[in-house]
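Hi,

Here is the structure I promised to pass on. Have a look at it first, and then read on for my notes on what turned up.

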Amino acid sequence: MRIDPDRSATPAPATITPRPDSTSDTRLLAFLLPQFHRIPENDQWWGEGFTEWTNVRKARARFRGHRQPRVPLHEHYYDLSDPRTQDWQAELARSHGLGGFCYYHYWFQGRQLLQRPLDALLKRRAPDFPFCVAWANEPWTRTWDGGDRHVLMPQHYGDRADWVAHYRYLEKAFQDPRYIRVDGCPVILIYRSASIAECEEMLDCWRNLAVRSGFAGLHVVSMLTVFGRDERSHLFDAYVEFEPFYTRAHLPARLKISEKLANGVSRLCWRYLGRGPYAPRSSDYRSMWRAMAERPLPPGHYPGAFVDWDNTPRRRLDASLVMRNVDVETFRDGFSRLYEKANRAGTPFIFINAWNEWAEGTYLEPDEELGTAYLDAIRSVVGHPA
């Protein structure tokens, strides 16, 4: 499916205002990974021509029933620097009930990586589809885990001059009429806010600059990931539950025991037999979605959702996490219940992991095996946009 990239209509502002009543519709935002175009750093670190597709293409099934490699529908190994790709993504998302993309943004004390898709989005003023950004403020490593070993690009936060320079770059996006806002405040997510020692000073700087820019302020969202919770809650307007890792860390005790037993048996099988019924480290998809749908939504939390998880294209099998018992109907049922819960709570957003995390196995984009099944499931829950 290709969409004409030359649409020139000026989009209307994408301001989102949370409503306390139970009839408000929750906006679905999908995280979007920009690593589908070449950059010099990846050529240097991983080899000439590296993009996210490199790992996706080389993936292989590691055990019976392992759904690898994942192949995009019609082998559409796109280049995200091609404007037609962004138009296609936006039209596909809109037609299935999504309300915007959340682009990952990479800033290393003034140095940027993978910024071309966002820059093109701003320069072209197309596609006409709401968006916001999530600052993925973790170091880049050879192990794809954001840790402190084998660091390729370290993360430092600098001083006020650096914070001002960072804000001035973000301001170009904030000023775009498509940018998603809450009560007039541009929404920005921070992946590892707890890693920023001077986060309070930095956010004070940003909020003051935002007011001077004509905004009501900033709507800052801290992400709840494998790295835990930033307890400085007074700094943030909300938290987002980044799935599946938030739920894995908050499973009911009985499910934690069940998962521990299942993984223990699997590891023994791999150690002594050289094979197992599933990956050495896994989580039960059905239990995860049941827990996500049933868990109360705390005030100030934006719920998350996820499609699947399998990061074996990036890592060794024994270091990977692979979901078991994955099926579209479980997703549809769990997502329906989650969406109903979010609407009852009057929360403005659900953040879906992800639109195109192909090397982590969590993507809404269509593939050869399932086509648009997950997108169709979402549309069956939220309806087709007018």
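Let me start with a question: is tryptophan 107 buried or exposed? With a relative accessible area of 7%, tryptophan 107 is buried. Please keep in mind that this is a predicted model.

Aromatic pairs

Searching the whole structure gives 39 aromatic pairs. In one of them, tryptophan 107 partners tyrosine 169 in a tilted arrangement, with 5.9 Å from centre to centre and 35° between the planes. Tryptophan 107 belongs to strand 3 and tyrosine 169 to helix 5 (residues 160–174), so this pair ties together parts that are 62 residues apart in sequence. Tyrosine 169 is buried as well, at a relative accessible area of 8%.

Another pair is made by tryptophan 135 and tyrosine 157: their ring centres are 5.8 Å apart and their planes meet at 80°, so the pair is edge-to-face. Distant parts of the chain are linked here too, since tryptophan 135 sits in strand 5 (residues 131–135) and tyrosine 157 in the loop between strand 7 (151–153) and helix 5, 22 residues apart. Both tryptophan 135 and tyrosine 157 are buried.

There is also an aromatic cluster, whose members include Phe101, Tyr103, Phe129 and Trp355.

Helix 3

Helix 3 (residues 83–95) has 13 residues, which at 1.5 Å a residue should span 18 Å; the end C-alpha atoms are 19 Å apart, in agreement. Among its buried residues are Thr85, Asp87, Trp88 and Leu92. The cover over the buried residues of helix 3 includes strand 2 (27–32), strand 3 (100–108), helix 4 (116–124), strand 17 (356–357) and helix 11 (373–382). Just after helix 3, glycine 97 adopts a positive phi of about 100°.

Helix 8

Helix 8 (residues 253–273) contains serine 266, which is buried with a relative accessible area of 0%. Beyond its neighbours within four places in sequence, serine 266 contacts Tyr278, Ala279 and Pro280. Tyrosine 272 is in helix 8 too, but this residue is exposed, at 62% relative accessible area. Together with Leu268 and Leu273, Tyr272 forms a nonpolar surface patch of about 360 Å² of accessible area.

Strand 11

Finally, alanine 238 is part of strand 11 (residues 238–241) and counts as buried at 2% relative accessibility. Leaving aside neighbours within four places in sequence, the contacts of alanine 238 include His219, Val221, Gly300 and Tyr302.

Best wishes

Terms used:
Residues are numbered from 1 along each chain as its sequence is written. This is a predicted model: local features need pLDDT of at least 70, side-chain atom pairs count only at pLDDT 80 or more; totals for chains, interfaces and linings use all residues. Side-chain values use heavy atoms; hydrogens and water are left out. Helices (H or I, at least four residues) and strands (E, at least two) are DSSP runs, numbered from the N terminus. Buried means under 20% relative accessible area, exposed over 50%, partly exposed in between (1.4 Å probe, protein chains only). Contact means heavy atoms within 4.5 Å. Patches are made of residues with over 30% relative accessible area and no salt bridge: like charges are joined within 9 Å, nonpolar side chains (Val, Leu, Ile, Met, Phe, Trp, Tyr) within 5 Å. Accessible areas come from the Shrake-Rupley method with a 1.4 Å probe; for residues, only the protein chains shown count as cover. A salt bridge is a side-chain nitrogen of Lys or Arg within 4 Å of a carboxyl oxygen of Asp or Glu. The expected span of a helix is 1.5 Å times one less than its number of residues. Rings of Phe, Tyr and Trp (its six-membered ring) pair if their centres lie within 6.5 Å; planes under 30 degrees apart count as stacked, over 60 as edge-to-face and the rest as tilted.
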